[in-house]
Amino acid sequence: MNHTPDPSHLPDHDSVYDGLLGGDDSQWAFGTDFEDPLAGVDTTVPDGVDTHELATYCLMLADDALVMSHRLSQWCSNAPDLEEDIALANIALDLLGQARLLLARAAAADPSVVPALPEGSPVPPEDALAFFRGDREFRNVRLVETDNGDFAVTIARLLLFSTWRLALLQRLAAGRDHVLSAVSVKGVKEMTYHRDYAGRWFLTLARGTEESRRRLVAGLEAIWPLRAELFTSHPVELAVAGSGVGVDPATVADEVDVLLEQVFSMSAVDRPEVGPLAGVRGETGRDGLHTEAFSRLLAEMQVVARAHPMGQW
Amino acid sequence: MVAAREVAASVTDPEMPMLTLEDLGVLRDVEVDDERVVVTITPTYSGCPAMATMRDDLVHRLRDEGFDDVEVRVSLHPAWSSDWITPRGRAALVEHGLSAPGPAPSHDGPVVLSLQPTRRTLACPRCGSPDVELTSEFGPTACKALYRCTSCLEPFEHVKEI
């Protein structure tokens, strides 16, 4: 955004906004400079850790949060009532914050993962990663990318996602990478109330009306085929688990199952018996293989940034 | 010249301007090395959108006081807790109609899943009545829940425990 119009057209004022701001343009959300979310944070990669593997792993964790955040934000102004609108937007904001830090950590660990932009572009690395990668370069699990469906589908997905991510972040908090560890410690606090929120609504819908229960059971069945992928170890996840900076997701499967069983039994809902959604030639989300819905999501999420790579409009 | 620490400590939170950054507990450190001032702040929540404004406000206020070379750093560890809001900050919250947080939950060991609505023992910041009800666990900013006093019937915001 350019706030300095040609003075020859405005003889009395530099900008019509000057009076509002008293000449201080720092209050603009856009158009000033960007700040580094890791400014001053020591981003040295621990000894014995492959920088590209660490960066790729950070992209996986970041993309899960970013895409889930985008899906949740699509409820804004569409939720069943104002309180849920606010709740889902708050949860989306937490996840966006986690994504931003993790994308910045990926870029700091291995700058070669950041897409090239025209010379002089002010777009910071984390935005370049979010808005200028193609679908095959995103490493998120497919669970987070499919359409929101109705509120029950969204709640079932949020319960599975937040239970899984909380278990991962709890283990990551003890990891050797100080940045990932710090992001995880904070993330654990946030995922705790995301999971509580989803669990409470799951129970409420299950014990509500015949219609709410029917929708919840259908919602759970709809997302269940994407569950197995959450616990499938990708070679990068195994590598970072081996070097002490990451977590093999297979190791959290039992804990997640126990927690879900707790919610299912209180809700009198059976664990779905539907098979996993197949990948293509063995590839799934972590390999950059995504669903059609993801391409549409990316198109919407990236269109403005891609139209303005120089950050001006 | 006023001490850099004093200037930084007087900068207020952009979303809860009754609190200084020091009272909110996000101001972690102010170091002066020759002419250079290095201020360290920590985010309240991962997605806190006020971080950029805090940084800008710190730089502007310090420059106004004659500190030209200012750097603002982020500290992610230890993670911010509502326990870090000072007694003065808590008093300021109540004085401005907000309810201050109770003790933050511990995150050591397994995190328990809670399927019951969050229960807090609160007093209405306006009339002092303990008869309050939760309207929404999520509010206008990440750090607040919405309540209503069933005595004076006024709504109020509660700063959440984290």
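## The interface between chains A and B

In this predicted model, 26 residues of chain B are in contact with 38 residues of chain A. Two residues are in contact if their C-beta atoms, placed from the backbone, lie within 7 Å. On the chain B side, the elements that give two or more residues are α3 (51-64) and β3 (69-74). The largest share, four residues, comes from α3(B). Helices (H or I, at least four residues) and strands (E, at least two) are DSSP runs, numbered from the N terminus.

By class, the side of chain B that touches chain A has 13 nonpolar, nine polar and four charged residues. Ala, Val, Leu, Ile, Met, Phe, Trp, Tyr, Cys and Pro count as nonpolar; Asp, Glu, Lys and Arg count as charged; the others, Gly among them, count as polar.

## The sheet of chain B

Chain B has an open sheet of three strands in the order β1-β2-β3, with mixed pairing. Two strands pair if DSSP finds at least two bridges between them. β1 (27-33) and β3 of chain B are the edge strands, and each pairs on one side only. From one strand to the next, the twist averages 15°.

β1(B) pairs with β2 (residues 36-41) of chain B in the antiparallel sense, over six bridges. Glu31(B) has Val38(B) in β2(B) as its bridge partner. α3(B) lies across β2 and β3 of chain B and runs at about 155° to β3(B). Axes are lines fitted to C-alpha atoms, for helices over the stretch in contact, and angles run from 0 to 180 degrees between N-to-C directions.

## The helices of chain A

Chain A has ten helices and zero strands. Buried residues make up 46% of its 313 residues. A residue is buried if 20 or more other C-beta atoms lie within 10 Å of its own. Of the contacts in chain A with a separation of 6 or more, 74% join residues 24 or more positions apart.

Take one helix pair. The axes of α5 (residues 151-172) and α6 (residues 178-206) of chain A come within 7 Å and cross at roughly 150°. α5(A) and α6(A) are therefore roughly antiparallel to each other, a term for angles over 145 degrees. The residues of their contact divide into 15 nonpolar, nine polar and two charged.

## Numbering and confidence

Residues are numbered from 1 along each chain as its sequence is written, while chains are lettered from A and ligands numbered from 1 in the order in which they are written. The model is predicted: local features need pLDDT of at least 70, side-chain atom pairs count only at pLDDT 80 or more, and totals for chains, interfaces and linings use all residues.

Definitions and conventions. Angles under 35 degrees count as roughly parallel, over 145 as roughly antiparallel, 65 to 115 as roughly perpendicular and the rest as oblique. A residue is buried if 20 or more other C-beta atoms lie within 10 Å of its own, exposed if 12 or fewer, and partly exposed in between; C-beta atoms are placed from the backbone.
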